[in-house]
Amino acid sequence: MLDILKPAVEAFQDFVLLSVRAVRNIFRSPHYGDDILIQMDVIGVGSLFIVSLIGLFTGIVMALQMARALTIYGAQDQVGQIVSITLVRELGPVLTAVLVAGRNASGIASELGSMKVTEQIDAMRALGTDPIQKLVTPRLIATAVVLPLLTIISDFIGLAGGYFIASTMLGLTFSEYWTSAWQVLEYNDLAQGLIKPFVFAVVIALVGCFYGMRTSGGTQGVGRSTTSAVVSSSVWIFVLTAFITYVWNRAFAKQ
Amino acid sequence: MTPSDSTILRFEDVSLHFGATPALDHVSFEMQPGQTFVIQGAAGSGKTILLKVAVGLVRPDSGRVWLFGQEITHLREQDLFDLRTRVGILFQEGGLFDSLTVAENVAYPLINRRILHHAVKGSSNGNGDPAIEERVRETLRFVELEETLDKFPNELSGGMRRRVGIARAVVTEPALVLYDSPTAGLDPITAYTIISLILKERDQRNTATIMVTHRFQDGHLMANFRYNPNSGQIERAAGGSNSGQMSTKFLVMNAGRLVFEGTESEMQATQDPYVRKFLRLGGA
């Protein structure tokens, strides 16, 4: 019975060790600044268009769905509030993170996996470079910086999408929509909406690197690592968003 | 017993197992500066793993390893990086970074060494540093591949990739260079070119060299030939093969065990059945 659990426990231990070393390296020399910037470009600028597009349509769909229900109660002027709260607290962070996981956890896992199976990681160690310092830490820093930024952009474009529907179909004015959308937000909504992408970013980068660095079995192995990285990081995003929301609500619930 | 500081590499009763299979079985040897070691054996006999243990890429289960007079058996990975910059390695498959150009690959050890020593902000390219650019050009000229500077490794032939690998291994002028099967899978002419380059590097700078190979001819060339800087060719060592044989040692491995250690003539005279079979089938 315990033998069945052994690989899973070992994998988890490896993951924790990799995470600890990656985080510790943030405070250690040498720092590969160029690699951080390159990764920010790949992950951040590279995902900007798709994240904006998905944000826009999420806002549009939210407004469309809510418009019908709110019109029944004559409360269509509150569409801004609903779009705003759902996007900022939940949909913005989660959808952006899932997209970035699909795009970048896979990219990281396949890149590092290919390097692993072609001995490039060993070559790097042999040449005197710490692969975690050179490959993992820059990806961790870059993702942790750009994912919250991407989420802010996605939230904003989503709200704009909501405004498009509110103004064209519900006849709301610019200030009616934006004032209610803005005023409903509290600081703890904004904090929740920024903590989440930060946590997801750490998960995406570390899970991608973890599966990449432990790849074995040639090109098929690279394929397996890539799939595992995307599936695993996506599942963790949903589990963690539920967990963070629960903890947040307990901590900040209005008495 | 601690080896003297001048010892390049020393294995003392080193063993390593993968599961139940021994990869290294009580291996001991010692290497002095200027020596050449030719490690031979069938595929899977533990040759590559021996090289990896030598630079701490893989840790042994038991026994001790010294590199440049320093014991590395229990050294932290972090402390090994600096030591490894003094060793050049050519990997079996080349191990070139396929997303970097040839020039960036060869510049990598130079930039890395600078980063480690000065702990300055890391940089992934060597653009703008004329000293590094010049050294890269010079090293690529050494392996006769100067025209491939801006190419990517996958645009080169197998033999050319091997030569770029040699350039990257020797660019920092390391005191010890390890070559893992440098001629594997190459045609005889290209293999000869590769061995010539290894001899050229060894004889021009008197580098301690360990070459893993499954071809007896490679070892024979290493033991008996010298690079002549005047003609730019390799030729049979003057003063008989004795001088060459003195500094060239042959090690034969079988299933993780070191079954033979000695000069080429001792190897040809040995009665060990495995070594005899190896020599006979190798066409010696």
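Mentor: The contact draws 24 residues from chain A and 29 residues from chain B, where contact means heavy atoms within 4.5 Å. This is a predicted model: local features need pLDDT of at least 70, side-chain atom pairs count only at pLDDT 80 or more, and totals for chains, interfaces and linings use all residues. Residues are numbered from 1 along each chain as its sequence is written, chains are lettered from A and ligands numbered from 1 in the order in which they are written, and side-chain values use heavy atoms, with hydrogens and water left out.

Start with the area. Chain A and chain B bury about 2300 Å² between them, 50% of it on carbon and sulfur atoms. Buried area here is the accessible area (1.4 Å probe) that two parts lose on being put together, summed over both. Of the area that chain A buries against chain B, E119(A), R125(A) and L127(A) supply 27%, more than any other three residues.

Now the polar side. The rule finds nine residue pairs in polar contact across the interface, both residues at pLDDT 80 or more. A polar contact is a pair of N or O atoms within 3.5 Å; within protein, one must be able to donate a hydrogen and the other to accept it, and residues adjacent in sequence count only if both atoms are side-chain atoms.

Which elements of chain A give two or more residues to the side that touches chain B? They are helix 2 (33-72) and helix 4 (120-126) of chain A. Helices (H or I, at least four residues) and strands (E, at least two) are DSSP runs, numbered from the N terminus. Helix 4 of chain A gives the most, with six residues. By class, this side of chain A has eight nonpolar, seven polar and nine charged residues. Ala, Val, Leu, Ile, Met, Phe, Trp, Tyr, Cys and Pro count as nonpolar, Asp, Glu, Lys and Arg as charged, and the others, Gly among them, as polar.

Next, the charges. Side chains of opposite charge can pair when their charged atoms come close. The rule finds three salt bridges across the interface of chain A and chain B. A salt bridge is a side-chain nitrogen of Lys or Arg within 4 Å of a carboxyl oxygen of Asp or Glu. E119(A) forms one with K52(B), the closest N and O atoms being 3.7 Å apart.

E77(B) and R125(A) also meet in a salt bridge, at 2.8 Å from N to O. That pair crosses between chains, from helix 2 (residues 77-84) of chain B to helix 4 of chain A. Are its two partners buried or exposed? E77(B) counts as buried at 17% relative accessibility. R125(A) is buried too, with a relative accessible area of 17%. Buried means under 20% relative accessible area, exposed over 50%, partly exposed in between (1.4 Å probe, protein chains only).

These pairs belong to a wider set. E119(A), D122(A), R125(A), K52(B), E77(B) and R84(B) are linked in a network of salt bridges.

For context, a search of the whole structure finds 22 salt bridges over all chains. One within chain A joins R214(A) to D14(A), the closest N and O atoms being 3.9 Å apart. R214(A) is partly exposed at 40%, and D14(A) is partly exposed at 36%.
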